[in-house]
Amino acid sequence: MFGSRGAIALRCAIVVGILTTFLAGGDEVLAQGGPPAGPTGSSREQELREQLNDILKELDEIQQQKEHAKPEAERPAIIKEQAEPEATGEAQATAVPHYDLADMSIVSDRLQKRPEGVSLSATIPAETDSQPTRTMKESLESLPGIALRQANGPRDFSIMIRGQGAKTTFAIRDIKIYEDGFSQTQSDGLSRLDMQDPWFMRSTEVIRGASSSLYDNYALGGMVHFRTRRGSDINGFETFLSGGSFGFFKQAFAVGKRYQNLDVSLFASNAAEDGFIQNSDYTTQTLNFNLRFTIDDKQSFYFKAITNWLDTRVPTRLTQAQFNADDRQAGGAQTPCTPGIYNPNCANATLLHQQRVDRRTIVGGIYERQLNASTVLTVEADYDVKDINQYFSQITDNVNPNYKNYVDLRHDGRLADMPLRSYVGFFVNNMEQEGNTFQNLADGQGTRGALIQNNRGTIRNIGGRFREELEFHPTWILAGGLGFEQSMISIQSINYEGATPLRVNADRTYYNWAPELSLTWKPADGYRHWIRASTGYAIPQFNNLLRNPFTGQPGTNFDLRPQKNLNTEIGTESRIAKDLVVELVGFWTFFKNEIITQTISGSNTASVNADSSQYRGIEARYDWRPLSGLRFSGAYTHIDAMYINFSDRTATGLLVRDGNKVPNVPTDIFNTKVEYDHAMTGWGGWVEGSYYNSYFLNNSNTFGIPSYFIANVNVHKFFEFSNSWVRFAKFYLQLDNIADMKYAASGQVIGGETSAVAATQQAFFAGYGRAIYGGVTLGLF
């Protein structure tokens, strides 16, 4: 009924009416030039002010609903973006979000600001548009402080933020992963990127630094939040076809639409590849369904379902000699393997038929209700089940059903006439595990031998958190939060390797607190400076508790403690010119009781706590757009990671590692990109370069991974059509690793006191050689 001008006029009329009422009742007071006499006048004034505030907030909600009923082209931006006024089409896709402005709720179109006083960065849509979108590495490393390294599968990358998560050789640990508000991290702390198809994504947000007061268990390094495209972003049917080197082929489609009270989107993809490394061929299929329903002007519901099927072969990491001789070999040929006979030290990828056949499904819903103009209630619940069958030196079958529930309450109020944003939340999650481990007979077929172990366990986490953000001055915000969590782990296992079955049980309960405090200064629009102190924690996993720390044999590990860290940082994000944004952050993280794996004897390993270490460094980012469609961007990270107090158990006894570098933590990472999109013709392209400095892989600091620099180039073309069958077409051609650089893209923590001994350890996965990819996205009806 009312447009933008009508809403403004209505607000003005209400304000004038209320002020007229107030003035009419206080003429005598105003004539004296003083404040209202007595408590009655003061109380009435406060009541009117609160009514006015509630009315204006409700008008905001109504106006947003009306704007979304308009055609997409006529709507104002909810996430305000800095773009040239004349930029359209592809050029608009490169707009930079203003993180200090209100953002849209995951569930509805309500405004919901991000946390204050944190290091936050996000990818732009162009990072996953007009590209092969093979993995999330292609876009995430455009952000500072974050690194991705190849693990056991096509999309399986370990993620490191400020050194946290660096020692993980498969999947993701010590970092919380979300997609559209749903946690992708199971109750044991494991996350995997198998489910995240980059083509489905609009952007990815990263909060860097310990964040357990916000995201509870396992947020030692921070949080990564993937946001899929909404139905309004698709507005019809899209299909995607891509192919290229090493047998890569991908097909995908997206269906999406925005209706008056409904936003729905469905994504599906199928990808396959022969692989650059031998024994790394794969097929993977992903489905992602999203439905957002506006029940009425105060209630919204969001339903989400994701499922992924993965069948991939897995190579073995190479020794230095193997890497130099042939970086594409399957690996493990030097290990003791006899076809048809089980040997736990065998790592021959071909004979073991190393493979992952994994399935994962998440189904859940988020209910959001506006209790009043200032308070919003959110309830989330999901069912997350992982079913894995993995073939390595041992064959493992695990099923992990996981239930997760969150209840959050947000309130915008005032404290002594100062704006105050309050948040309180409660959560409970429960994961079960039922698993069996068998011998792998190394006959090239993945044949199972005798049962080695079966186990059954439960992890239950329950806790709460609150946060207050007080704007005590128009340019200063003080934020503080506290999280608490009780974690109960129970695991029972039976080991069959000895003459008689050996039962090993572990029952542990952990209590963790996570305080946080930050101060933010915003002296002007486009400027944000902050200091922050935050904490993180992560409890042990099932397998950490089932090995005796002194013998490495099956037994209960009674001494293992949760990992904890303290993150301190000072940062600035400034728009120092109309077209230039610069971010610079210094951090210093103190790590206590880091859980590491040590070799006790032979193949016997156990988990122990490294007393203390520190990670300090800087993060820098720039985004410069001197001309319409032209963008220069880059991100740099430097990390100095060092043991403070740690004695390493080796074959010769305990060795003090104080002052040594923490292994597998990159020291310098630099990503830079130059891109140009010409809106009038639809042509665009970019050139990017990525540099990794060398770093150590063993605790003795005698062996490391070499540095490397690779460059990629992309050309794309956007066509727009004015008919009802084909709306647009996006073509692209991309060349990766232009110089065909031979490099080790991923390492792992290895043993070996000398460089000669370390060089015989399985350390490296090779990065892809020169590769070319091409594809097209079609927007249909």
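Phe466 lies in strand 21, which spans residues 448–473. Strands here are DSSP runs of E with at least two residues, numbered from the N terminus. The model is a predicted one, in which local features need pLDDT of at least 70 and side-chain atom pairs count only at pLDDT 80 or more, while totals for chains, interfaces and linings use all residues. Residues are numbered from 1 along each chain as its sequence is written, and side-chain values use heavy atoms, with hydrogens and water left out.

Phe466 has a relative accessibility of 39% and counts as partly exposed, because that class lies between buried (under 20% relative accessible area) and exposed (over 50%), with a 1.4 Å probe and protein chains only. Phe466 belongs to a nonpolar surface patch of about 540 Å², together with Leu371, Val379, Val407, Leu409, Val424 and Phe426. Strand 19 (394–415) and strand 20 (418–440) are the elements that give two or more residues to this patch. Patch residues have over 30% relative accessible area and no salt bridge, and nonpolar side chains are joined within 5 Å. A salt bridge is a side-chain nitrogen of Lys or Arg within 4 Å of a carboxyl oxygen of Asp or Glu. Areas come from the Shrake-Rupley method with a 1.4 Å probe.

Two strands pair if DSSP finds at least two bridges between them.

| Strands | Sense | Bridges |
|---|---|---|
| Strand 18 (residues 375–391) and strand 19 | antiparallel | 17 bridges |
| Strand 19 and strand 20 | antiparallel | 20 bridges |
| Strand 29 and strand 30 (residues 653–656) | antiparallel | four bridges |

A hairpin through two residues joins strand 18 to strand 19, and Ala381 has Asn405 in strand 19 as its bridge partner. Strands 19 and 20 also form a hairpin with two residues between them, and Ala416 in that turn has a positive phi of about 55°. Gly413 stands opposite Leu420 in strand 20.

Strands 29 and 30 form a hairpin with two residues between them, and Ser647 is opposite Val656 in strand 30. In a regular strand the side chains alternate between the two faces of the sheet. Leaving aside residues up to four places away in sequence, Thr650 touches Leu655, Arg657 and Glu753, where contact means heavy atoms within 4.5 Å. The C-alpha atoms of Thr650 and Ile600 are 7.1 Å apart, although 50 residues separate them along the chain.

Methods
Patch = residues over 30% accessible without salt bridge, like charges linked within 9 Å, V, L, I, M, F, W, Y side chains within 5 Å.
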